[in-house]
Amino acid sequence: MTWRYRLVFFGIVFLFLLVVARLFYWQVVKASELSLLGQQQYGTTTTITPRRGEIETSDGFPIAANKITYQVFANPKEIGNKGEVAAVLASTLQVDIATISASLALDKFWVPIKSNVDAKTKQQLEQLKLPGVGFNDQYQRFYPEASMAAQLLGFVGKDNNGNDKGYFGLEGFYDRLLSGKGGLAVEVHDAFGRPILAKMNDATAETDGANLILNIDRSIQFLAEQKIKEGVEQYGAASGMVGIMDPKTGAILAMATYPNFDPRSYQDYSDVLYRNGFVSDLYEPGSTFKPLVMSAALNSKLVTPDTKCNACAGPVSVGGYDLETWDNKYFPNTNMIDVIQHSDNTGMVFVAQKLGLDGMINYLGKFGIGDYTGIDLQGEVSAVLKPKNEWYAVDLATTGFGQGISVTPIEILDAVGAIANDGVRMEPQVVSAVEDGEGNRTKIQPKVLDTPIDSQTAKVMSEIMVNAVNKGEASWVRLKGYSIAGKTGTASIPVSGHYDPNQTIASFVGFAPSNNPKFVMLVILNRPTSSIYGAETAAPIFFDIAKSLLGYYGIPPEGN
């Protein structure tokens with residue numbers, strides 16, 4: 001029996017070695033060839049583009065939506081008469097036939113033919129029942145209100161890889177959230193290259209982009225855009241901006257810029273128009289800055305409303321410079337109420353010197369000057385305040401009346417909003433909630449940034465600003481019966497190392513009703529030509545919008 005056992009043993013060993021040799025042949029010698037064959041037979045990987053999130057105003061109206069389009073693709077291995085199919089596709093899709101023929105000549109299971117094909121064209125191709133031709137859903141950005149809130153929204157373009165990407169405004173700031181997550185689908189083929197199965201697991205599934213629900217009120221936004229356009233044209237300005245915010249929450253109710261562009265065809269406009277100047281442009285604010293400096297001195301108990309200015313009888317000499325009033329009128333022994341009413345530069349030099357450099361830098365920081373507000377828009381800039389050792393005496397003096405210091409409009413709007421909100425400065429916020437693909441909403445809570453002044457100082461400063469509206473240089477356009485706090489601004493523009501007296505930034509900032517503000521608003525005109533003064537250009541626009549807003553909120557007049 002021994003020889004039989006040996007025969008069986010050696011037979012088994014021989015078979016084992018034969019199997020090992022065969023496995024070595026397939027897994028090592030033929031590994032590359034088999035891998036390629038397996039990939040060709042198994043299938044192809046296709047990227048599934050998620051739906052980009054929509055952007056809606058506070059009333060649920062989409063101002064950035066999606067229009068469904070289609071990607072036409074082909075499987076060259078399923079197409080017999082490639083020349084005929086190429087000719088039909090070229091004619092229907094308006095694509096060069098040579099390009100399509102080159103794609104169909106490839107030894108692949110899937111080739112793209114054309115993207116962003118409309119539903120009508122897709123239907124025409126479907127009726128032709130072309131072999132090997134298929135469609136993938138795509139989404140194209142659509143802006144139902146055309147150029148409305150263009151700089152606020154931004155637009156969707158392409159990145160270096162040809163993928164959709166948000167630029168500027170909300171589209172840029174929230175791009176990752178809006179874009180969602182692309183998925184991967186594997187299409188399995190049989191030995192003849194025919195698709196038999198498409199599969200996707202949880203790890204490779206796409207996630208649609210989140211929707212943004214804005215604080216923007218569509219009616220207020222429309223009003224602001226209409227009025228700033230009219231104002232720019234009426235006063236011959238180079239451009240104009242309006243920002244409107246709820247001072248109690250920081251919610252941005254409207255933000256309008258003119259001229260603007262149409263995000264649906266952004267490529268047809270100068271890229272200069274893409275920037276949202278309200279967050280991206282630095283300017284010297286002029287007299288709209290005075291309430292911040294005055295409230296700082298009031299809060300520090302360095303002055304009271306009745307404090308007399310002992311340096312207001314004429315021009316003030318500081319560091320070799322003579323600082324004058326804007327209209328060359330002087331009011332000896334004027335009080336702080338009248339300094340704001342007359343927009344007295346010499347009076348504000350007096351206040352700034354009372355406040356001192358340490359106090360000025362400290363309060364400007366609390367008001368958010370020289371820092372980002374944190375608004376949720378792409379492109380916000382800020383000019384950092386100079387270090388203390390780089391300030392000269394004249395810098396302190398001119399900062400008192402808003403010259404020699406650079407800010408963005410959103411900084412001024414937010415800082416004056418603190419006066420309107422009992423001294424509490426809120427973070428400006430355009431988006432109020434984020435909605436995921438299943439309809440679940442996450443509310444963005446208001447955020448307190450600082451408390452630069454106490455509530456009593458805020459009330460006093462508000463009354464001083466109400467007096468400025470009722471008796472100051474813009475009193476001719478005030479709304480009778482309403483208590484509105486405000487301040488004009490006329491800032492000369494620095495050109496080649498000096499200020500050009502004929503080129504200004506005209507502005508007006510204010511809030512209403514002063515005792516319980518529903519809104520704080522800043523209007524800016526860049527280089528108006530009919531008049532260089534804010535009281536004669538920006539102020540009329542402000543009160544025109546304010547009148548409509550007070551009616552919109554159902555607030556009746558109370559007196560004279």
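## What counts as a cavity

A cavity here is a set of grid points where a 1.4 Å probe fits but cannot get out. With that in hand, let's look inside this predicted model. It holds 2 cavities of 30 Å³ or more.

## The second largest cavity

Let's start with the second largest cavity, which has about 40 Å³ of space.

## The largest cavity

Now for the largest cavity, where about 50 Å³ of space lies. You can find it in the structure by picking out its lining: I340, Q341, A468, V469, G472, E473, A474, G486, K487, T488 and F508. The elements giving two or more residues to that lining are α12 (336–341), α16 (455–471) and β19 (485–495).

Which element gives the most to the lining of the largest cavity? That would be β19, with 3 residues. Sorted by class, the lining of the largest cavity comes out as 5 nonpolar, 4 polar and 2 charged residues.

Notes:
Residues numbered from 1 in each chain as written. Predicted model: local features only at pLDDT ≥ 70, side-chain atom pairs only at ≥ 80, totals over all residues. Heavy atoms only, no water. 1 Å grid on protein atoms, 1.4 Å probe; cavity = no way out; pocket = protein on both sides within 12 Å on 5 of 7 lines; lining within 4 Å. Points joined across faces, edges and corners; volume = space filled by probe spheres on them. Helix = DSSP H or I, 4+ residues; strand = E, 2+ residues; numbered from the N terminus. Nonpolar A, V, L, I, M, F, W, Y, C, P; charged D, E, K, R; others polar.
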